[in-house]
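Have the structure open as you read.

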Amino acid sequence: MELTWQAIAFFIFSALTLGGGFAVVTQRNIFHAALFLMLSLFGTAGLFVLLIAPFLAAVQVLVYIGAIAILVLFAIMLTRRLMGLTISLNQQWPAAALAMLVLFGVLLLVLTPVGDDILGQNWSANLPTDGDTAPEVTYITVREIGVAFSTQNGFVLPFEIVSLLLTSALIGAIVVAREDEAI
Amino acid sequence: MVPLWMYLVVSAALFCIGAFGVLARRNAIAILLSIELMLNAANINLVAFWRYMNPTVINGQVFAAFVFAVAAAEAAVGVALILSIYRNRQTVMVEDVNILKW
């Protein structure tokens, strides 16, 4: 694989995503952790651009970074008394780290071509190993998503259901977070 | 283009980091952040498989958009629950919230 600009961008955005994610779980200051989450989400948006999903990249920036992360920041500031705590991990963190390292190792063995030699069994045989064999995207993805969301043969019913879910979740959030006790 | 397994490895690493955060962090808000990381890992997988396996139809991206909506709902309810707990117990540390524990 030659080092094309796409590969360079992929490694940069991957480093942003994983580095930000690692900082999210290791930062002692929860406010900094939320800011690093924004960095990680931004890296993911870059990966979406590389995968020809510009709509999802825009939604990632607008909804995740612009709304969800800000919502979490508000929650942090409303519970600010506990922001500067020194102990951020509980006692079981070594076991959790070990379990996640083992899980990651197993996933590496299963997903990568390197693991096929070790396992002697090609679990990822049906996956394309060469990225250049992927078919080209010859249409405008944003328009196709809009069509899929609004046509009967597409996803109009799931779209309405998820709208209902979001509305009910927001109403439920208001009810749960209300100040008065009379519910 | 980079091969598909690189995206899958990034996604797997992000998921493992998020799962570690859920298991190991004490702050409930940090656990919420870690859940967002895991949802993002799932989204990277969805879009990567769409791009490499079946980009002729848009279904993979549509599914990822649904994940966005569900993640937004989850974050709103999670933050509301944490604020409610904080108001009642004056803490957001998960080991201090044990009223449902026998």
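A:Ile52 counts as partly exposed because it has 18 C-beta neighbours inside 10 Å; a residue is buried with 20 or more other C-beta atoms within 10 Å of its own, exposed with 12 or fewer, and partly exposed in between, with C-beta atoms placed from the backbone. You'll find A:Ile52 in the loop between helix H2 (30-50) and helix H3 (54-78) of chain A. Helices here are DSSP runs of H or I with at least four residues, strands are E runs of at least two, and both are numbered from the N terminus.

Before going on: this is a predicted model, where local features need pLDDT of at least 70 and side-chain atom pairs count only at pLDDT 80 or more, while totals for chains, interfaces and linings use all residues. Residues are numbered from 1 along each chain as its sequence is written, with chains lettered from A and ligands numbered from 1 in the order in which they are written.

Most residues other than glycine have a negative phi.

| Residue | Phi | Place |

B:Gln90 has 11 C-beta neighbours inside 10 Å, so it counts as exposed.

Now for chain B as a whole. It has 3 helices and 0 strands, running α-α-α from the N terminus on. Its radius of gyration is 17 Å, well over the 13 Å that the globule rule gives for 102 residues, so chain B is more spread out than a compact globule. (That radius is taken over C-alpha atoms, and the rule is 2.2 Å times the number of residues to the power 0.38.) The C-alpha atoms fill a box of roughly 50 × 25 × 20 Å along the principal axes. Even so, buried residues make up 62% of the 102 residues in chain B.

H2(B) is mostly covered, with 21 of its 26 residues buried.
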